[in-house]
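Q: I would like to learn how to read side-chain features in a model. Where do we begin?

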Amino acid sequence: MFAKSQDNSQNSPSPLSGAEAAAINTRRSVLHEGITIKGEWTSDGIVDFGGTFEGDLTVDTLVLARNGKIKGNVRARNVTIEGHLEGTISAISVTLKTSAQVTADIVTQKLVIEAGAMIEGNVASRSAQTHGVSAAAAL
C-alpha cells in the first residue's frame, strides 16, 4: 500500500540557479498594521514591515510598507522605504518610493529616489572600495 516509489525525480538536481534557491530559503518576516515594536530587532533575512517600530533595526533586507513607521537606526544590505522613517539608514542600497517620507541621515553605495518621495537629512555615498575594506565594513 505504501511501497517506495521507483520515481527518482526527487533525487535529481534542482533546476533553480543558486541565487533562486537561496531566495527561496531566505527567512522572511512579514508584520503589518497593528504591530508595535520597541527595542532592538536583528534578522538575517527579509523584513517586510508595516507597523510601528522604535529602536535599532539590523536586517539583511528591509521593506517598509506604505503604512509603516520607523523611528530609529536602520542597518541593512538593502532598504526600500514606502512609509515613514525618522533616524539613520546605513545600507548598501536604498530605494525611496513615491510615498516615502524620510527624515534621516543616509550612508549608502546606491540611492534611488522616486519622484514624489520626501527626504530631509544628509546623504553620504560610500563606494565598495572605500579605503580597501569590504562594503559591509564600510557601512
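A: Start with a cut-off: buried means under 20% relative accessible area, exposed over 50%, and partly exposed in between. Note too that this is a predicted model.

Q: Is Asp-60 buried, exposed or partly exposed?

A: Asp-60 has 21% relative accessibility, so it counts as partly exposed.

Q: How many salt bridges does the structure hold?

A: There are two. In one, Arg-77 pairs with Asp-60, and their closest N and O atoms are 2.8 Å apart. Arg-77 lies in strand β5 and Asp-60 in strand β4, so the pair ties together parts 17 residues apart in sequence. Arg-77 is partly exposed, at 43% relative accessibility.

Q: Which side chains meet in a salt bridge at 3.3 Å, N to O?

A: Those of Lys-97 and Glu-114. This pair links distant parts of the chain: Lys-97 sits in the loop between β6 and β7, and Glu-114 in the loop between β7 and β8 (118-120), 17 residues apart. Lys-97 is partly exposed, with a relative accessible area of 28%. Glu-114 is partly exposed, with a relative accessible area of 28%.

Q: Now the interior. What is the general idea?

A: In soluble globular proteins, nonpolar side chains tend to be buried together. Here, the largest nonpolar core has 23 residues. Leu-62, Val-79, Ile-81 and Leu-85 touch the most other members. The elements that give two or more residues to this core are β3 (46-49), β4 (52-64), β5 (69-81), β6 (84-96) and β7 (101-113).

Q: Which residues does Val-79 touch, not counting those up to four places away in sequence?

A: Val-79 touches Leu-62, Val-74, Ile-89, Ala-91, Ser-93, Val-94 and Thr-95.

Q: Which residues form a nonpolar patch on the surface?

A: Leu-111, Ile-113, Ile-119 and Val-123 do, with about 280 Å² of accessible area together. Take Ile-113: this residue lies in strand β7. At 42% relative accessibility, Ile-113 counts as partly exposed.

Q: Finally, a loop residue. Where does Arg-126 lie?

A: Arg-126 lies in the loop between β9 (123-125) and α2 (135-138). Its relative accessible area is 34%, so Arg-126 is partly exposed.

Q: What does Arg-126 touch, not counting residues up to four places away in sequence?

A: Val-107, Thr-108 and Gln-109. Check C-alpha separations as well: Arg-126 and Ile-92 are 34 residues apart along the chain, and their C-alpha atoms are separated by 8.5 Å.

Terms used
Residues are numbered from 1 along each chain as its sequence is written. This is a predicted model: local features need pLDDT of at least 70, side-chain atom pairs count only at pLDDT 80 or more; totals for chains, interfaces and linings use all residues. Side-chain values use heavy atoms; hydrogens and water are left out. A nonpolar core is a set of buried Ala, Val, Leu, Ile, Met, Phe, Trp, Tyr and Cys residues joined through side-chain atoms within 4.5 Å. Buried means under 20% relative accessible area, exposed over 50%, partly exposed in between (1.4 Å probe, protein chains only). Helices (H or I, at least four residues) and strands (E, at least two) are DSSP runs, numbered from the N terminus. Contact means heavy atoms within 4.5 Å. A salt bridge is a side-chain nitrogen of Lys or Arg within 4 Å of a carboxyl oxygen of Asp or Glu. Patches are made of residues with over 30% relative accessible area and no salt bridge: like charges are joined within 9 Å, nonpolar side chains (Val, Leu, Ile, Met, Phe, Trp, Tyr) within 5 Å. Accessible areas come from the Shrake-Rupley method with a 1.4 Å probe; for residues, only the protein chains shown count as cover.
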